[in-house]
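This report covers aromatic pairing, salt bridges, an annotated region and model confidence.

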Amino acid sequence: MSQEARKATQISQPESFEYEYAVGSKALMETEKQQDQVNHNIKDASEKLEMEMEAAHHEHQVIVMKQNLMRYQEEPQRMEEIHNQEGRKRKQLELTEEEHGCQEEGMWWQQEEMMKQQQEGFKGAFPNLREQEVTDGSDGYGSGHGHKQQRRHAPCSSQLIQDLPLWNLGIDPTNN
């Protein structure tokens with residue numbers, strides 16, 4: 001409040017124009033003072049909010065950068081895992097193909113054994129053919145080679161041969 005207004009309220013008579021003017025001026029100055037305080041508070045709050053928003057934005061950028069860094073660091077591990085999975089799939093495919101080949105080998109071998117058993121059964125029914133084989137060295141069929149053909153097959157793991165369903169043909173796969 002200005003000093004003139006103070007003096008006016010002290011000097012003037014109550015309910016006079018000067019007194020009313022001084023009281024009104026005093027109230028206006030108080031209101032302006034309060035308004036200045038509100039504006040100051042608003043300005044402080046606005047600055048504080050702006051600083052908090054900048055800090056939050058900076059923190060968000062830091063989090064995003066950390067996530068990107070982690071992704072980039074995990075990328076080689078992820079690529080290695082994908083490579084390992086593909087290698088395992090390839091290996092499994094190779095084993096499956098090998099097993100399929102061994103099964104075909106086993107089936108061929110079974111057929112060979114069955115033919116051999118049938119031939120031996122046939123020779124048992126006709127003993128004179130066996131005598132001819134022993135005496136002249138032929139195989140009994142007139143080939144005159146003088147030696148028996150040996151069965152040949154690609155090596156296959158004994159485990160895979162044991163897994164073949166030979167039991168239903170009366171063949172024991174564990175007997176070599």
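## Aromatic pair

In this predicted model, the count of aromatic pairs comes to one. The ring centres of Phe17 and Tyr21 lie 6.3 Å apart and their planes are at 25 degrees, so the pair is stacked; the cut-off for stacking is under 30 degrees.

Helix α2 (residues 17–125) holds both Phe17 and Tyr21, which are four residues apart, about one turn of the helix. Both Phe17 and Tyr21 are exposed.

## Salt bridges

The structure has two salt bridges. One joins Arg78 to Glu75, with the closest N and O atoms 2.9 Å apart. Arg78 and Glu75 are separated by about one helical turn, because they are three residues apart in helix α2. Arg78 has 44% relative accessibility and therefore counts as partly exposed; Glu75, at 33%, also counts as partly exposed.

Glu81 and Arg88 form a salt bridge through their side chains, at 3.2 Å from N to O. Glu81 counts as partly exposed because its relative accessibility is 35%.

## Annotated region

An unreviewed UniProt entry annotates residues 28–59 as "coiled-coil region". In the model, residues 28–59 are 100% helix and 0% strand, and their end C-alpha atoms lie 46 Å apart.

## Confidence

The mean pLDDT of the protein chain is 75, and 62% of the residues score at least 70. Confidence is highest in helix α2, at a mean of 88, and lowest in helix α4 (residues 158–163), at 51. Residues 143–157 have pLDDT below 50; this stretch has 14 contacts in the model beyond near neighbours in sequence. Where pLDDT is low, the predicted coordinates should not be read in detail.

Technical notes
Residues numbered from 1 in each chain as written. Predicted model: local features only at pLDDT ≥ 70, side-chain atom pairs only at ≥ 80, totals over all residues. Heavy atoms only, no water. Phe/Tyr/Trp six-rings, centres within 6.5 Å; stacked < 30°, edge-to-face > 60°. Helix = DSSP H or I, 4+ residues; strand = E, 2+ residues; numbered from the N terminus. Buried < 20%, exposed > 50% of the residue type's maximum accessible area, 1.4 Å probe, protein only. pLDDT = per-residue confidence, 0-100. Contact = heavy atoms within 4.5 Å. UniProt positions renumbered as here; feature names shortened; annotations may be inferred. Salt bridge = Lys/Arg side-chain N within 4 Å of Asp/Glu carboxyl O.
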